[in-house]
Amino acid sequence: MTRNANPEELFSRHQRDIHRYLQRMTGSRDTADDLSQEVFLRVVRGLSGSAVIGHERGWVFSIAHRVVTDHHRERQRTVRTVNTGGRALPSNEPSQHGVQALALALGQSLQSLPETDRGIFLLKEVAGMSYEEIAYTTGCTVDAVRARLYRARSALRESLSIRF
């Protein structure tokens with residue numbers, strides 16, 4: 001669908017899904033808040049004048065995908081420069097049972113996936129995008145999306161079966 005895009009309409013249609021995707025990709029609600037703002041700033045910049053957009057949802061998610069990729073790259077640069085002095089970093093893993101323990105394990109398993117696989121998994125399972133929309137968003141082929149999604153699901157299944 002191609003139409004003239006209004007920033008307020010784009011925000012109202014996609015903000016919730018974008019925020020959920022970013023939160024799952026980063027593991028932090030606060031980081032997702034910050035990155036959501038960056039996504040929609042880029043959306044507004046991309047809509048200069050009377051821009052016409054095709055594949056509106058894919059376009060917005062492709063911006064979110066680039067923002068979270070940039071965030072992870074910057075974070076990796078920062079992590080490399082931090083010296084922990086040989087100390088173990090404290091774990092934020094609370095001892096919980098039942099559903100909370102499963103949610104924690106799933107979150108940890110998701111974070112252990114390669115970034116691209118995690119992103120594709122979340123675009124499919126959280127954002128509910130089709131293979132074609134994911135391919136458009138990530139710049140992969142549909143076959144690559146299928147393969148990465150299969151790999152992500154298999155890794156999650158294996159990780160969770162070991163824990164439970």
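Which helices does the loop that holds Gly128 lie between? Gly128 lies in the loop between helix H5 (115–125) and helix H6 (131–138). Helices here are DSSP runs of H or I with at least four residues, numbered from the N terminus.

The structure is a predicted model, in which local features need pLDDT of at least 70, side-chain atom pairs count only at pLDDT 80 or more, and totals for chains, interfaces and linings use all residues. Residues are numbered from 1 along each chain as its sequence is written, and side-chain values use heavy atoms, with hydrogens and water left out.

Beyond its neighbours within four places in sequence, Gly128 is in contact with Arg57 and Leu123. Contact means heavy atoms within 4.5 Å.

A salt bridge is a side-chain nitrogen of Lys or Arg within 4 Å of a carboxyl oxygen of Asp or Glu. The pair links distant parts of the chain: Arg57 belongs to helix H3 and Asp17 to helix H1, 40 residues apart. Both Arg57 and Asp17 are buried. Buried means under 20% relative accessible area, exposed over 50%, and partly exposed in between (1.4 Å probe, protein chains only).

The whole structure holds 10 salt bridges. Side chains of opposite charge can pair when their charged atoms come close. Glu56 is buried, with a relative accessible area of 10%. Arg13 is partly exposed, at 35%.

Another salt bridge joins the side chains of Arg153 and Glu125 (2.4 Å, N to O). Arg153 lies in helix H7 (residues 142–163) and Glu125 in helix H5, so parts that are 28 residues apart in sequence are tied together. Arg153 is partly exposed, with 29% relative accessibility. Glu125 is partly exposed as well, at 41%. Salt bridges that share partners join Glu38, Arg42, Asp70 and Arg73 into one network.

Helix H1 (residues 7–26) packs with helix H2 (residues 29–46) at an angle of about 140°, and their axes are 8 Å apart. Axes are lines fitted to C-alpha atoms, for helices over the stretch in contact, and angles run from 0 to 180 degrees between N-to-C directions. The residues of this contact divide into 11 nonpolar, seven polar and two charged. Ala, Val, Leu, Ile, Met, Phe, Trp, Tyr, Cys and Pro count as nonpolar, Asp, Glu, Lys and Arg as charged, and the others, Gly among them, as polar.

The largest nonpolar core has 33 residues. Such a core is a set of buried Ala, Val, Leu, Ile, Met, Phe, Trp, Tyr and Cys residues joined through side-chain atoms within 4.5 Å. Ile18, Tyr21, Leu22, Val39 and Val43 touch the most other members. H1, H2, H3, H5, H6 and H7 each supply at least two residues of the core. H3 gives the largest share, seven residues. Leaving aside neighbours within four places in sequence, Val43 is in contact with Leu10, Trp59, Val60 and Ile63.
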